[in-house]
Amino acid sequence: MSAFGPVDVQPFTRRGVCPALSAPMQTGDGLLSRIAFTDSISPSDLEALCALAIEHGNGLIDITARGGLQFRGLTAESAEALERDVLALDLPLRQGLTVETSPLTGIDQTELADTRDIISRICGRADALQLHEKLAAKMSVIVDGGGLMDMGDLLADIRLKAVRVGGDMFWQLMLGGSEDKALQAGLLRTEHAADSVIDLLMCLAERGCDTRGRDLDIEQVGAVCAGQLLDVRRWPESSDKGGNAPYPITVARHNSAGPYGLMRLSDDVFAAALAPAFGQIPADSLSALCRFASALEIQRLRPGPAHALFFTGSDNACRALLDHARDAGFVTGADDPRSAIAVCAGKPACASAFISTRDLAEHAATDCVSLLDGSFTLHLSGCGKGCAHPSPATLAFAGSSEGLAFTHSGRVSDTPQAVLPLADRKAVLSRLARLYEKEHKPGENARTLLARLGKERIVAALRQDTR
């Protein structure tokens, strides 16, 4: 239920369920509520939310991999009070269908397209049709205008990505998974983009609340979009004067160095992108950062992908904030080994977890610095659900009733290639670091080395079977 009636508690054991402000989820440290934003807020707004986390919960705040803000340690009574107090702040909270975009959209002049109008049209029609109530709980749409924020690794049922063909602007339509794994359906003109997304969502709703974007094939997508999809390879006008080579598709530009650090959005607007270590922080520490940002006259921030907070302001203010955040223990650069680790709340915060993932992540960030060079993601999961990193990871470890399950180039939900004693979990990661130090070649990054060694050699090292 909502608006201040008894809270509708979601079970943590059910996959595909998302916590919300009016529907918190039961976890190991109490109830968990989540909010997300449709626009920027101010540092003082976030400071007010930190005060509520302390007043109503256990004082811990999570920033999720998709930019949500989570309150932990709630009771049924305090979750109801939290909902009331958050709504009283009158912040731009996302309601209904999850439609995501870059936290920098509209102010990042490197974008190929501003996504706000398309998102407004999608959300308006979805609300009018009450699609959110008819679709899968984790149904998501991403509208990616490009620029400095890479949205490609986020999973999406339906994805629009800004591209240019010759001198014209289009939206590339993709369905299911991350950008590199998605079904490439074709191109849409801007005037058709929002309507096509709504038509696809209506199709998914008609097929049942468990149907996802990945369940549609190219013929079904083409039929739903009723001739609006364009295939650039078949356009006569996309060929050169000899009719041979199509125009190249210019994709939205992304920041390959990762989302942390200083970003130049325009001549006089910059962003300071930083994150709490492993996505979680005491609310009083985050509040202190917000007060410092306000003192620097930074007026806008927005949570975004990779557990990051994007503060926008002048060059000098953003540099000063990054220096302060670094000293306070935040992740402020892609070279920080903690940025290469995907980790969930773990034990005891999550009742499903078999291991303390954050303790293990701290060990990895200290003892495996050479291995964690940013070329791959190390996934440490408390259980086999893999909440922190749904996509495949180069190295994935998960606690289980049998031990520490290891998967190479896969998900923690896949059948493991090895199950190791839980008591050896720190030693296991240290063995990987020693393997890297022994085997890497000059100029070779960790991802390339691990691919060269292969699954069997890595498993042997984990088991100390190397000879």
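User: Over how many bridges do strand S3 (residues 60-63) and S13 pair in the antiparallel sense?

Analyst: Strands pair here if DSSP finds at least two bridges between them, and strands (E, at least two residues) and helices (H or I, at least four) are DSSP runs numbered from the N terminus. The model is predicted, with local features needing pLDDT of at least 70 and side-chain atom pairs counting only at pLDDT 80 or more, while totals for chains, interfaces and linings use all residues. Residues are numbered from 1 along each chain as its sequence is written, and side-chain values use heavy atoms, without hydrogens and water. S3 and S13 meet the pairing criterion, and the antiparallel bridges between them number three.

User: Which strands stand at the edges of the five-stranded sheet, each with a single partner strand?

Analyst: The sheet is open, its pairing is antiparallel and its order is S1-S2-S4-S3-S13. Neighbouring strands are turned by 30° against each other on average, direction ignored; axes are lines fitted to C-alpha atoms, for helices over the stretch in contact, and angles run from 0 to 180 degrees between N-to-C directions. One side of each edge strand lacks a neighbour in the sheet, because each has a single partner strand; these are S1 (25-27) and S13 (280-282).

User: At about what angle to S4 does helix H1 run?

Analyst: H1 (residues 43-56) lies across S2 (30-35), S3 and S4 (69-74), where contact means heavy atoms within 4.5 Å. Helix H6 (residues 283-295) also packs on the sheet, touching S3 and S13, and its direction makes about 85° with that of S13. For H1 against S4, the angle is about 20°.

User: Which strands are the edge strands of the four-stranded sheet?

Analyst: This open sheet has antiparallel pairing and the order S11-S12-S15-S14. Its neighbouring strands are turned by 25° against each other on average, direction ignored. The strands that pair on one side only are S11 (261-264) and S14.

User: Which residue in S12 is the bridge partner of Leu-262?

Analyst: S11 and S12 (residues 270-274) are antiparallel and pair over four bridges. Within S12, the partner of Leu-262 is Ala-272.

User: How many residues of strand S15 are buried?

Analyst: S15 (residues 308-313) is mostly covered, with buried meaning under 20% relative accessible area for a 1.4 Å probe and protein chains only. One side carries Ala-308, Phe-310 and Thr-312, the other Leu-309, Phe-311 and Gly-313, and both faces are covered.

User: Which residue in the turn between S14 and S15 has a positive phi?

Analyst: S14 and S15 run antiparallel, joined by five bridges, and Arg-300 stands opposite Thr-312 in S15. The two strands form a hairpin with three residues between them. The residue in this turn with a positive phi, of about 65°, is Ala-306.

User: Which element gives the largest share of the lining of the second largest pocket?

Analyst: A pocket is an open set of points on a 1 Å grid over the protein atoms alone where a 1.4 Å probe fits, with protein on both sides within 12 Å along at least five of seven lines; lining residues have an atom within 4 Å of a point. The lining comprises 32 residues, and Phe-37, Thr-38, Asp-39, Thr-101 and Arg-302 lie nearest the centre. Elements giving two or more residues are S5 (98-100), H3 (116-129) and S14 (300-304). The largest share, five residues, comes from H3.

How values were computed
Buried < 20%, exposed > 50% of the residue type's maximum accessible area, 1.4 Å probe, protein only.
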